[in-house]
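Hello,

Here is the structure we spoke about handing over. Please open it first, then read the notes below it.

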Amino acid sequence: MARPSLYEYAGGGPAILALAAAHHQRCLDDPVLNHPFSHPGHPQHVERLAAYWAEVLGGPAGFTPFGGQAQMLGIHCGNEAPTEMGERFYACFVQAMDDAGLPDDPEFRGALSAYMRWAVDDVMDHMSRDAEVPAGAPMPRWSWDGRQA
């Protein structure tokens, strides 16, 4: 029998939206992350973040219509954020899994944590002032076994 996607195992769209909302709140509450997260951004930031994570984790392609991976990297590209911000972002994500009530399954939590470690590293690689986002960068796909081609 086929294993459910990480998206399905999490609880689908409502669970990923709860994760995005919990993560965003943790970032607002963080003394280092508060500054970038408290500035007005897109009015549907949390919903778009949830759509991005849902797509990456095996859900519907809800973020691709907004520009996909190239758009996400473009938002962050050249911001010159210090490494500490990436580490704090990652820590907020790990804590937000509890806040959102995601399944407390070690393998599931490990897969999501591994995804976020990879994602933070990928974004941080695009933070230098001279960084460029590859046109048409494909959306990453993540499963129980890690990043998929």
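Histidine 23 is buried, with a relative accessible area of 0%. Please keep in mind that this is a predicted model. Histidine 23 sits in helix 2, which covers residues 12-29. What does histidine 23 contact, leaving aside neighbours within four places in sequence? The list is Leu49, Trp53, Phe89, Cys92, Phe93 and Ala96.

**The chain as a whole**

The chain has 149 residues, and 42% of them count as buried. Its secondary structure comes to 7 helices and 2 strands. Along the sequence the pattern reads α-α-α-α-α-α-α-β-β. Take the contacts between residues at least 6 apart in sequence: 75% of them join residues at least 24 apart.

**Aromatic rings**

How many aromatic pairs does the structure hold? There are 9. One of them joins two contacts of histidine 23, Trp53 and Phe93. This pair is edge-to-face, with 5.1 Å centre to centre and 80° between the planes. It links distant parts of the chain. Tryptophan 53 belongs to helix 4 (residues 45-56), phenylalanine 93 to helix 6 (residues 83-99), and the two are 40 residues apart. Are these two residues buried or exposed? Tryptophan 53 has 3% relative accessibility, so it counts as buried. Phenylalanine 93 is buried too, at a relative accessible area of 1%.

Next, tyrosine 115 and tryptophan 118. Their ring centres are 6.4 Å apart and their planes stand at 35°, so this pair is tilted. Both residues lie in helix 7 (residues 106-124). They are 3 residues apart, about one turn of the helix. Tyrosine 115 counts as buried, because its relative accessibility is 1%.

Tyr9, Phe108 and Trp144 form one aromatic cluster.

**Arginines over rings**

Which ring faces have an arginine over them? Phenylalanine 66 is one: arginine 48 lies over its face, 3.7 Å from the ring centre. Tyrosine 90 is another, with arginine 117 over its face at 4.1 Å from the ring centre.

**Where to look**

Start at histidine 23 in helix 2. Then turn to helix 7 for tyrosine 115 and tryptophan 118. Finish with arginine 48 over phenylalanine 66 and arginine 117 over tyrosine 90.

Best wishes

How values were computed. Residues numbered from 1 in each chain as written. Predicted model: local features only at pLDDT ≥ 70, side-chain atom pairs only at ≥ 80, totals over all residues. Heavy atoms only, no water. Helix = DSSP H or I, 4+ residues; strand = E, 2+ residues; numbered from the N terminus. Buried < 20%, exposed > 50% of the residue type's maximum accessible area, 1.4 Å probe, protein only. Contact = heavy atoms within 4.5 Å. Phe/Tyr/Trp six-rings, centres within 6.5 Å; stacked < 30°, edge-to-face > 60°. Lys NZ or Arg CZ within 6 Å of the ring centre and 35° of its normal.
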